[in-house]
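The entries follow the order in which I looked.

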Amino acid sequence: MGKMGATEQFFLTGKTLPAMPEVARQLIASFDDENVDLRTIVDLTAQEQSLPHKVLRLANSARYAGARSVTTLDDAAGLLGMEGLRNLVLSASIAGAFPRIEGFDRTGFWKHAVATGGYARWLGSILGVDVDSGYLAGFMLRSGQLLMARVLPDAIAAVEAGCTVPGVRLALEQRMIGCTHAQVTAEVARRWKLPQRLIDGFANAPEPLDARPFSLLAAVLNMAAVMSDSGAMAVALGEALAQANTPLLQHLRLDVPWLQSRAPNFEELTASVDELLA
């Protein structure tokens with residue numbers, strides 16, 4: 001079965017594609033709008049009934065321990081800033097759109113997603129990728145796996161059982177299923193009419209050095225996923241990157257010790273996930 005055929009099985013009739021939340025759609029559209037300000041983001045957040053409460057809970061979570069308590073969306077906006085508020089609202093909105101899968105480690109999955117978003121944002125700031133696009137793409141990268149698990153739960157369970165070292169998930173999926181979660185996510189992004197740069201980034205994340213033209217976002221996503229794996233598996237970041245990404249690191253001229261000394265901490269990135277899922 002070809003790549004397209006392998007991917008299409010997760011979008012057959014009867015397997016409903018999650019609807020893209022309208023708030024998320026408008027927030028993503030705001031990435032390229034120079035006129036968007038904090039007021040715009042606050043007003044968009046207030047449109048969806050459950051989001052303001054979730055945003056306040058997240059803003060008061062362990063991730064921001066030590067900061068003053070916030071009681072209104074305006075307070076949250078002042079604490080988080082526009083980028084922080086937009087990313088938090090996007091995370092809450094998109095996470096709520098995807099189905100819960102019986103027997104699937106939901107908390108571990110979304111911790112990995114939040115961390116991948118955080119690492120992609122950080123790497124993007126170094127390499128010249130738009131940080132909003134980097135965070136969103138990193139957060140969404142593995143979401144296609146939820147659709148795969150809905151159709152092929154045993155195969156995805158076998159993939160996850162085989163993920164004993166950082167950076168092997170995509171290769172295991174390709175070998176065992178015939179496509180990867182990144183390719184399924186690319187199809188979700190296409191059907192959601194997300195910007196082409198995101199679709200291309202997802203599609204090329206498994207083999208970024210093979211992409212023509214080269215996709216810097218795909219490279220960032222590939223590395224961010226390995227960095228997230230390293231945190232989830234308690235493997236030293238430098239060791240994980242050197243084993244999984246050496247050719248890519250060389251291509252991007254990135255120094256592993258420097259990355260390890262500067263990268264965000266996995267536990268800090270994921271401290272608010274329980275509140276995100278509550």
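Below are my entries, starting with how the model is to be read.

**Ground rules.** I am working from a predicted model, where local features need pLDDT of at least 70, side-chain atom pairs count only at pLDDT 80 or more, and totals for chains, interfaces and linings use all residues. I number residues from 1 along each chain as its sequence is written, and side-chain values use heavy atoms, with hydrogens and water left out.

Buried means under 20% relative accessible area, exposed over 50%, and partly exposed in between, with a 1.4 Å probe and protein chains only. I found 95 residues in this core, and those that touch the most other members are Trp110, Phe139, Phe202 and Met223. The most comes from helix H5 (residues 73–97), which gives eleven residues. Helices here are DSSP runs (H or I, at least four residues), numbered from the N terminus.

**Trp110.** Which residues is Trp110 in contact with, leaving aside neighbours within four places in sequence? I listed Ala95, Phe98, Phe139, Leu146, Val273 and Leu277. Contact means heavy atoms within 4.5 Å.

**Salt bridges.** I took a salt bridge as a side-chain nitrogen of Lys or Arg within 4 Å of a carboxyl oxygen of Asp or Glu. By this rule I have eleven salt bridges.

**Glu22 and Arg25.** I found a salt bridge between these side chains at 3.5 Å, N to O. Both residues are in helix H2 (residues 22–29), three residues apart, so about one helical turn separates them. Glu22 is partly exposed at 45% relative accessibility, and Arg25 is partly exposed at 35%.

**Asp43 and Arg39.** I noted a salt bridge here at 3.2 Å, N to O. The two residues lie four apart in helix H3 (residues 38–46), about one turn of the helix. Asp43 is partly exposed, with a relative accessible area of 40%, and Arg39 is partly exposed at 40% relative accessibility.

**Glu83 and Arg121.** I found these side chains in a salt bridge at 2.2 Å, N to O. This pair links distant parts of the chain, with Glu83 in helix H5 and Arg121 in helix H6 (residues 106–127), 38 residues apart. Glu83 is partly exposed at 24% relative accessibility, and Arg121 is partly exposed at 29%.

**Network.** Last, I looked up linked salt bridges: Arg142, Glu160, Arg169 and Asp229 form a network of them.

How values were computed
A nonpolar core is a set of buried Ala, Val, Leu, Ile, Met, Phe, Trp, Tyr and Cys residues joined through side-chain atoms within 4.5 Å.
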